[in-house]
Structure formats: C-alpha cells, structure tokens
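Biologist: I would like to learn how to read a few features in a structure. Please take them one at a time.

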Amino acid sequence: MKINGVEIDDTFAEAFPIKIGRVLITAISERWALEAAREATGFGTSVIMCPAEAGIECIVPSTETPDGRPGVYIQICNMSWKSLEASLLARIGQCVLTAPTTAVFNGLPDAEKQFDTGKKLGYFGDGYQCEIEYCNRRFCKIPIMEGDFLVEETIGAVDGIAGGNFYILGQNQPAALMAAEAAVDAIAKLRGTITPFPGGVVASGSKVGSRYKFLKASTNVAFCPSLKDQGVCVLPENVTAGYEIVINGISREAIEEAMRVGIRAACTVPGVIRISAGNFGGKLGPHQFHLHRILE
C-alpha cells in the first residue's frame, strides 16, 4: 500500500488498556483555558515513569461549551481507577483551581464511572464552599481571591486505550519532523484522543524490556538510524530520521480515526519514505491497530 508515494508497512500498532478521565476547562479567554490545560497535563508523556499520561484533546469554541466561554478538553490516563482518581484530584486542584477565571466541567457526564472530584476539591473552601446548580449541572463553588471557582461535583472516566501509534520515517530529520507536525495538527482537530508526548511527537521511541533488568523499557534500537553500522537497525539506507506519534483515546474508533487522519497528513510532506508502527509480540497489550485495515 502507498499513499502519495509513501510506503505503508503491512504491520500493526500494539496498544494497552488504560483508565481515562476527561475534563473540560473553560475560562474568560482561550489563552487562560490553554494555560490551565497545559499545566494540568504536564509531565504526562508515559506511564513508564510519569504519574499519569495526559494531554490536550482539543480546543472548543465558546459556542460549544456549557457556559459560553472558550474551552479545552483534556484527558488524564492511569492504569488503575485509584491512581486516576488521585491524578484528577491533584492536577485539577493544583493546576486549574489556581489558574485565573477557570471553571471545570465533567467531560464524560454519561460515563458509568464517576469520581466525586469536585466535592473533594470543595474542602479547599475551608467550610465556605457550597453546592449550586450551574448550567443545569451540580457544581461546587469555592471562594477564591478573584471571586469563585466552579467545579462540577463529579468527573467521569472510562476504560480507554493507550499506545496507538505510527512511525514516520523520512529521508532526513526536517522532512520527518514536518510530517510529524502535520500529523499532530490534523489529529488535534478531532475529539476523543490525545497525543501525550512533547508537542505530540516522540523522538525517542521505546521498546518493551531492556538488557538491564532494572528497566522495563528502553530505546527501540531497530528504528535508531545511528545503529545501522552495528546491525541492529532495520531501517533502509535512505531513511535517516524517524518520529513516533503515540495516541491515547476513549475508544478504539477514536484512535483508528486519529491514526487514519494523522498518517494521511504525514504522507503529504515531501521526503517521507515510509509509515510503520510499533508492536512487541503481545508484550505490551492486547489491542492491535493494523495500518492497512485502518487506511482502507
């Protein structure tokens, strides 16, 4: 299979189950909604070492938010419900409550799993907090220096998928990076997924395991161009740089759509040689995303 002359490997991305909480942050302006979202999703690239995987899903115009203000959807991802609940409480409490003019809405109000995150944050009000109805939902109102902080009483979560991915392999670093940027920009227009790494792009793709027993992951040597002379890199000579796009999502369908849109966007950039994906023989997780099936 080829798209715009770019070879699409007949392979699949291997992904794993994860718990995902979804939050809508609104503010007086897009600037402050984004500032809060960036803070709340910081240090959230990979559960290899981060306390959570996290990222910005999309920017939402004021015409599509409950309170008529600019908004940003974010996702927080953890391996267990207990860890996710702690992450939501800490990240909203420390990064959104403290940001000017923000309010927090439940991003999954119909989900079966609901955390009482807003009620617990209310204790910051030192007894002066109160429950109110706002935008036809139940909120906790917490007095703060600028006025009041509003947070919906519950935050919903679902069983999601982490680690959907594809590799962009280019004839040089600028071409591969431009293609990665195009892919991330295209995915950012969608709902339901995040690309949790810096700018949505992974420069240091990893594999499961290591020759060092104390590490559970290490550099993916098969895709490291500088290791061609050592015989461990599988890349052809005309590929000198590559990037990985990792995608987490609230459903399989959301991840497939993000992969499809991202790959097609990457294939519009001159200098892209191949598109591939990362899988590890079932060592990472049970979910498989076959590139050819997705792109058909």
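Biologist: In S16, which residue is the bridge partner of Tyr167?

Modeller: Strands (E, at least two residues) and helices (H or I, at least four) are DSSP runs, numbered from the N terminus. Two strands pair if DSSP finds at least two bridges between them. Here the bridge partner of Tyr167 in S16 is Ser276. Strand S11 (residues 155–170) pairs with S16 in the antiparallel sense, over four bridges.

Biologist: What should I know about the model and its numbering?

Modeller: The model is predicted, so local features need pLDDT of at least 70 and side-chain atom pairs count only at pLDDT 80 or more, while totals for chains, interfaces and linings use all residues. Residues are numbered from 1 along each chain as its sequence is written, and side-chain values use heavy atoms, with hydrogens and water left out.

Biologist: In which sense do S2 and S16 pair, parallel or antiparallel?

Modeller: Strand S2 (residues 6–8) and S16 (residues 272–276) pair in the parallel sense, over two bridges. Glu7 has Arg274 as its bridge partner in S16.

Biologist: How many aromatic pairs does the structure hold?

Modeller: A pair of aromatic rings is described by the distance of the centres and the angle of the planes. Rings of Phe, Tyr and Trp (its six-membered ring) pair if their centres lie within 6.5 Å; planes under 30 degrees apart count as stacked, over 60 as edge-to-face and the rest as tilted. The structure holds six aromatic pairs. For Tyr134 and Phe139, the ring centres are 5.4 Å apart and the planes stand at 90°, so this pair is edge-to-face. Phe105, Tyr134 and Phe139 form one aromatic cluster.

Biologist: Is Phe139 buried or exposed?

Modeller: Buried means under 20% relative accessible area, exposed over 50%, and partly exposed in between (1.4 Å probe, protein chains only). Phe139 has 0%, so Phe139 is buried. Tyr134 has 26% and is therefore partly exposed.

Biologist: Where does the charged end of Arg252 sit?

Modeller: A charge sits over a ring if NZ of Lys or CZ of Arg is within 6 Å of the ring centre and within 35 degrees of the ring normal. The charged end of Arg252 sits over the ring of Phe289, 4.3 Å from its centre. Arg22 lies over the face of Tyr73, at 3.8 Å from the ring centre.

Biologist: Where does Phe43 lie?

Modeller: Phe43 lies in the loop between helix H1 (30–40) and strand S4 (53–60). Its phi is near 45°, a positive value in a residue other than glycine.
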